[in-house]
Number of protein chains: 2
Amino acid sequence: MQLATVTGDGLPAVRTVVFRGWMQNPIGDAGHPDDTIAKDVHLKFITDLRSSKMSESKVAEACWYFTETREQFRLRGELMMVTHESTDARLIRQRNGLWKSISDSARAQFSWPTPGSERAPEADDEKDFRCSADINAVSQNFVLMLLRPNYVDHLRLKGFPQKRVLWHRSDIDSWNAQPVNP
Amino acid sequence: MQLATVTGDGLPAVRTVVFRGWMQNPIGDAGHPDDTIAKDVHLKFITDLRSSKMSESKVAEACWYFTETREQFRLRGELMMVTHESTDARLIRQRNGLWKSISDSARAQFSWPTPGSERAPEADDEKDFRCSADINAVSQNFVLMLLRPNYVDHLRLKGFPQKRVLWHRSDIDSWNAQPVNP
């Protein structure tokens with residue numbers, strides 16, 4: 001899917017990201033009745049501590065287009081970054097688990113030279129990029145990025161006419177649906 | 001591909017759009033040596049005069065991911081809207097040509113009720129959406145949207161290591177390439 005943010009200069013930025021699954025109720029159970037847990041769901045992504053995403057807007061919009069069903073979801077909400085400095089036990093567990101679950105080559109990228117920085121002319125592909133990362137030692141550059149949608153624009157192109165519904169989160173566990181013209 | 005903008009509230013917005021081809025040098029030949037024309041190229045999209053894109057940022061970033069070659073292009077630049085009020089002969093021709101080139105069902109959408117507005121509870125699908133549009137009469141709602149990239153982030157995931165180059169437009173006809181770490 002694609003993830004859009006706003007740069008420090010107020011410019012739009014968008015890149016393709018890999019959806020890494022859902023996480024329910026990441027900020028803990030305190031104050032949430034059990035039956036709301038399933039509704040407070042976040043999307044999981046991973047990023048690099050040195051990525052520009054870390055310094056961009058804390059609000060993001062993800063765009064997810066499903067070719068087969070011809071559906072588009074636009075999911076806007078707050079980003080939460082879970083870094084090596086996080087202290088929440090559940091978030092640490094999630095970050096550690098994700099580190100183990102990704103491929104060797106994905107893990108190795110967190111040992112590469114700083115992403116987006118000028119490629120050194122004397123850079124040695126083998127030396128700089130042929131690295132491996134210990135599956136049991138989470139890289140300090142490894143960040144679990146959580147998106148908590150509070151606004152969803154759902155468009156269905158299949159059928160006649162197209163259907164479009166805007167969903168606004170009104171509370172931690174409740175959403176309002178508003179049918180709009182496609 | 002996906003097109004990201006910034007809303008009036010400074011929030012990120014991103015949606016899937018259909019690429020409608022290239023247009024060279026849309027702002028006319030005046031002052032441009034002939035040999036620069038091919039380099040001043042814009043991406044063509046269509047939108048609705050009533051769409052939220054019309055009131056959002058004039059800078060946009062398009063994200064284009066090619067599954068087969070595993071390449072991503074992020075193209076950022078100014079948006080130019082060519083509406084029924086445009087007076088430039090070349091732009092009017094482009095807008096008219098695009099109107100004729102799209103499908104009947106795409107044309108019909110410009111006669112639909114205002115996109116994004118509340119769906120009237122008493123709306124009649126047949127009456128409101130089963131419309132047809134004259135191929136010879138361009139809808140006032142039909143907008144040719146041009147994106148002129150001045151910054152391109154090109155990422156190649158295929159091969160080892162990944163390759164990433166940032167392109168900055170330095171003048172109307174010249175670009176600087178900067179290899180960066182992926």
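Here are a few notes on the aromatic rings in this predicted model.

1. Let's start with the overall tally. Counting over all chains, there are 18 aromatic pairs in the structure. To describe such a pair, you give the distance of the ring centres and the angle of the planes.

2. One pair to look up in chain A is A:Trp112 with A:Phe129. Their centres are 4.9 Å apart and their planes make an angle of 80°, an edge-to-face arrangement. A:Trp112 sits in the loop between α2 (104–108) and α3 (125–129), while A:Phe129 belongs to helix α3, so the pair ties together parts of chain A that are 17 residues apart in sequence. Both A:Trp112 and A:Phe129 are buried.

3. Now hop over to chain B, where B:Trp22 pairs with B:Trp64. This one is tilted, with 6.3 Å from centre to centre and 50° between the planes. B:Trp22 is in strand β3 (residues 22–24) and B:Trp64 in strand β5 (residues 59–66), so here the tie is between parts of chain B that are 42 residues apart in sequence. B:Trp22 has a relative accessible area of 46%, so it is partly exposed. B:Trp64 comes in at 18%, and because buried means under 20%, B:Trp64 counts as buried.

4. Back in chain A, have a look at a cluster joined by ring pairs: its members are A:Phe19, A:Trp22, A:Trp64, A:Phe66 and A:Phe73.

5. Finally, which rings have an arginine over them? A:Arg130 lies over the face of B:Phe160, 3.8 Å from the ring centre.

Notes. Residues are numbered from 1 along each chain as its sequence is written. Chains are lettered from A and ligands numbered from 1 in the order in which they are written. This is a predicted model: local features need pLDDT of at least 70, side-chain atom pairs count only at pLDDT 80 or more; totals for chains, interfaces and linings use all residues. Side-chain values use heavy atoms; hydrogens and water are left out. Rings of Phe, Tyr and Trp (its six-membered ring) pair if their centres lie within 6.5 Å; planes under 30 degrees apart count as stacked, over 60 as edge-to-face and the rest as tilted. Helices (H or I, at least four residues) and strands (E, at least two) are DSSP runs, numbered from the N terminus. Buried means under 20% relative accessible area, exposed over 50%, partly exposed in between (1.4 Å probe, protein chains only). A charge sits over a ring if NZ of Lys or CZ of Arg is within 6 Å of the ring centre and within 35 degrees of the ring normal.
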